[in-house]
Amino acid sequence: MAATTPVCEAFDGIAALAQAVRAREVSAVEVTRSCLERIAQLDDQLGCFLRVDEQGALRQAEAVDAKIREGADEELLLAGVPVGIKDMLCTKDLQTTAASKILAGFVPPYDATAVAKLRAAGAVVLGKLNMDEFAMGSSNENSALRPCKNPWDVTRVPGGSSGGSAAAVAASLCPLSLGTDTGGSIRQPAALCGVTGMKPTYGRVSRYGVIAFASSLDQVGPLGRSAVDLAQALQVIGGHDAHDATSLPLEQPDYLAACQTPIVDKNRRLRIGLPKEFFAQGLDPRIERCVRAAIASLQQEGAELVDVSLPLTKHSIAIYYLIATAEASSNLSRYDGVRYGLRVTPCDGEIGPGQSALVEMYKRTRAAGFGPEVQRRIMLGTYVLRSGYYDAYYRRASQVRTLVARDFAAAFTKCDVLMTPTSPVLPFRLGERLCDPLSMYLADIYTISCNLAGLPGLSMPCGLVTEAGSDRPLPVGVQVLGPPLHDAKVLQVAAAYQRITDWHKQRPQILTRPGAEAASP
Amino acid sequence: MTAATEFEPVIGLEVHVQLATQSKAFCGARAEFGGPPNTHIDPYTLGLPGALPVLNHRAVEFALRMGLACGCDIALRSELSRKHYFYPDSPKGYQISQFDRPICENGHIEFVLGSERRQVRLLRIHIEEDAGKNLHLAGGRTSLIDFNRAGVPLIEVVSQPELRSAEEAGEYLRAIRQLVRFLGISDGNMEAGSLRCDANVSIRPRGSTQLGQRTELKNINSFKYVQKAIEHEILRQIDIVQSGGRVVMETRGWDAARGTSRSQRQKEHAHDYRYLPDPDLPPLIIDETWLASIAAALPKTPMQRRDHYLLRLGLTPYDASVLTAERELCDYFDQALVAAGVPTEDESLGDGLRSRAKLCANWLSSELLGLLNKDSREISASPVSAESLGELVRCVSDGIISGKQGKEVFFRMYESRQSPTEIIEQLGLRQLTDPTLITAACRKVVDDPAMQKQIEKYKQNPKLLGFFVGKALAETQGKAKPELVSAIMLSLLAEK
Amino acid sequence: MSSHVMGQSNGHLISADEIRVTAELARLLLPESDIPKLSSELSAILAYAESLQEVDVAGVPPMTHAVPTQCPLRGDVAEAHDSTESAMRNAPASEASFFAVPAVFGGGAADDSFDGEG
């Protein structure tokens, strides 16, 4: 039988929901309760949340309602909007672990800037969302705590690393979530779960309070049901933050206004670039058909299509795995069992002659606390930074990265945005690719170069594919990439597409398991 | 020790200077020394997940002051890098430092060794952050960590291997301490750890231009031990070489208690720091207008002030050294000079003003510092203000009081904090300099009939002038200025 | 050793020794039995990355930050501090407001930090 439909589903977007809450048509507490209820019914089998903060969420919702009663709600753009937060972002007084055992029990004394801004806008934090450990993975299978499943087909992965963020929105557990994207970690699960997800321009959203994976690539972004919802969310979480030295010192444009702007007017037509390298070998033809159809529908709206080439794309995975692992090995050095999180202390007998108890504590803590994929990347990153290898690997990768960014800059002289598939493959089955790290890395081929160049990128649903022998349709995502700082342009194109199609409105049918019925009222 | 003279030591110092900022290098936690354990902390200081660095502009400004004062090449674009190592006092597993592109390169430190002026070239000066502190309980199985100091800004001043003796290394270090204090960027307090020093030491046969295998001495955290530790290391290396051994590259920790060093043996590769340009911190770009304004406001260095004292004022090297020991002393002296009537920025001074400056230096270094020292007082707590001391010197130089009277006035100034003029008036010490009054007194003597016999003798023997001067001074109760009395008496006697 | 990495002309195979040294640097306790697998996995990835050697990067500056900006500087202002108590609540071991760790000089090995406070 079907689970409760949460209150938020009745509203056309989060802005309408917030409006209704502010107009006291529905209370923030009611909205929050209905989400908590649905989570209780469904999340046992989906595994989207690592931690649900029921008490905290209700307290926040009550506070929002109180503010509205007092008439102090002018700033509450997201009044009563329930959000899930990827476990990569610090939440004050709410355990934050990056889905890793090494951070077990860590309770941050502070909120990440993006979370603080959400709360200030009246959003209600429901809890912490599942992910690949330290955001390292493309399937959410590297979560050290629990698996997360694709709501369209629970035998398949939701994508990663922000798998919980995408699956929670797809399963209507919350209308909005935050994820992080280092090489596609928002866009790829958004595609695999049939939701809209955006990685803004690097520096648009503060990284303060965001657990670092690869600092020069990491970016926080929203996942939701439509581009318009993302515009609203980005308006709130974006903007300059003096606590992040890489935060862009710029005013944000009006993203909602951009979403209302037509892509074609008297003076100018939108030019969509199609990079030929993104429609090449390895792309599932069913995905290609959906993506080309999406592009064609925008063409029908008057957009002009331009063929472009990004010849260095083929190097992007290699660059990514050298730079991201190098930075990760550095960023993860702080997990040493001294100040917080897990500590494994060796017993007396385990310390050999010539060994120090302290060094053994480090080694045991880190070996026990980090999962295999994280250890693999720490090893690779440590290796490429060693003196003697630095120039050949890290430095060279950084130089080719410059060339990748130049490739994009050249392409963007010919077009306003690029449109590509988000993922070359449909959601795969749990366990299917775990054994071969390199093949897993190759799944990120279309999303990685965007991070290398710091571009804004968005993935949105553009079709459903049902595999032979299955009755469960699987979503397909199309990616929109823009030049740095042109987040508004990316949202504008996505919103235009979503005005003429309704793929983003499709929801998976999720059956509650018999045992879960008792939980429903 | 003849054997020792066959070898020449080659020494390079790496000096860490803690910068006197309010907040830490990359976050807003207090940078102040001490405090209860783990109170000057915030997410960055503890290396909490998600915390990010933002560079303190004052730390950059201080590094630039040092670079400008040392004549370094200032990098308008420099890079902050991560230096990785695991240690409990390092909260992130790396230290933010500078590697490929430090903020300052080249330049030199100047100082005086004996009577010789020395210039030691620098490799670089870079910005970095300090570590926390580990405390080891004696015999304990636990170490305790306090992160109050973690993240406090440092500059590391790295010399070329150009120092040739332990003594010279000591002077070099003192020069750095003096310089950072004059520049107002650090208190230079070695005992409190604001100044720390590592030394790279090697020896080679005298005359050789090749460098020998060096060792690194760590933990020399007191002036007292710098010379001792380096000397000890030089002799240790000479011993090894003379007994046919080879010096091995290693880090040695100085054990002050035992007066010896011991090897801190390391595993191979233990020191691969895996430097990485910090992705959290974009390149540091120095605005040229800012740099120019820092240069324009740069306090004078001790060596500049020393040159000024030697060349313009004609002070002795000894006086110049005493006065430039502390910036407060220099400032005090310069203020006293103004009050004494010595112009500060005139191109050259005549002999009169030079001797006045010399007098000022004497009063300050031998009289005032003597008393302050006896009372364990700093110059800043001197009961005699710089203005008062200068005024006293002016009174003596202008002959308002004699030098001997000056001393009495000075002691009373020190006791009562009164100005010299007040004391001179109170004691009625003002010298008689009115020529009419002095002439009257002199005339009274020479016109005295009882004196005529002496006057006749004087004509045969001019050396008797002093006798008449004494009589005339007595007429003025000793208040007349003796030089004036002599001159007037001489002319009166000539008329006789 | 495994041959699959040698497909590329300069395939760089990470030896077991290199794996040991790297694990030591990364402070990861690595069972001997895991070394061959890790060695071949990392070698495969590095072999894949060999393609970067084909790219002409002469005169190309490295891109170390995603968006070209310059380092902002903050005012030298001391701000409010976190509470020592909340820091200690997260600590795996503490004593009297200090974080506690196994003795730095414990066991048999000498200290190898850059700045050990002897």
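Colleague: What makes strand E11 of chain B and E3(C) a pair, and in which sense do they run?

Modeller: Two strands pair if DSSP finds at least two bridges between them. Strand E11 (residues 142-146) of chain B and E3(C) are joined by four bridges in the antiparallel sense, so they meet the requirement of at least two. Within E3(C), Val101(C) is the residue opposite Ser143(B). Strands here are DSSP runs (E, at least two residues) and helices are runs of H or I with at least four, both numbered from the N terminus. This is a predicted model, in which local features need pLDDT of at least 70 and side-chain atom pairs count only at pLDDT 80 or more, while totals for chains, interfaces and linings use all residues. Residues are numbered from 1 along each chain as its sequence is written, and chains are lettered from A and ligands numbered from 1 in the order in which they are written.

Colleague: To which sheet does this pair belong, and why are some of its strands called edges?

Modeller: The sheet is open, with four strands in the order E10(B)-E11(B)-E3(C)-E2(C) and antiparallel pairing. Strand E10 (133-136) of chain B and strand E2 (94-95) of chain C each have a single partner strand, so one side of each lacks a neighbour in the sheet and they stand at the edges. E10(B) is linked to E11(B) by four antiparallel bridges, and Asn134(B) has Ile145(B) as its bridge partner in E11(B).

Colleague: How do you know which residues of chain C are in contact with chain B?

Modeller: Two residues are in contact if their C-beta atoms, placed from the backbone, lie within 7 Å. By this criterion, 40 residues of chain C are in contact with 52 residues of chain B. Helix H1 (16-25), strand E1 (73-74), helix H3 (84-90) and strand E3 (98-102) of chain C are the elements that give two or more residues to this side of chain C. The largest share, five residues, comes from E3(C).

Colleague: Why is helix H11 of chain A called mostly covered?

Modeller: A residue is buried if 20 or more other C-beta atoms lie within 10 Å of its own, exposed if 12 or fewer, and partly exposed in between. Eleven of the 13 residues of H11(A) are buried, among them Leu358(A), Tyr362(A) and Arg366(A). The buried residues of H11(A) pack against E3 of chain C.

Colleague: What is the span of H11(A) set against?

Modeller: The expected span of a helix is 1.5 Å times one less than its number of residues. Helix H11 (residues 357-369) of chain A reaches 18 Å from its first C-alpha to its last, close to the 18 Å expected.

Colleague: What makes E6 and E17 of chain B edge strands?

Modeller: An open sheet with antiparallel pairing has three strands in the order E6-E5-E17 (chain B). Strand E6 (94-97) and strand E17 (276-277) each have a single partner strand, so one side of each has no neighbour in the sheet. Strand E5 (residues 81-84) of chain B pairs with E6(B) over four antiparallel bridges, and Ser81(B) stands opposite Ser97(B).
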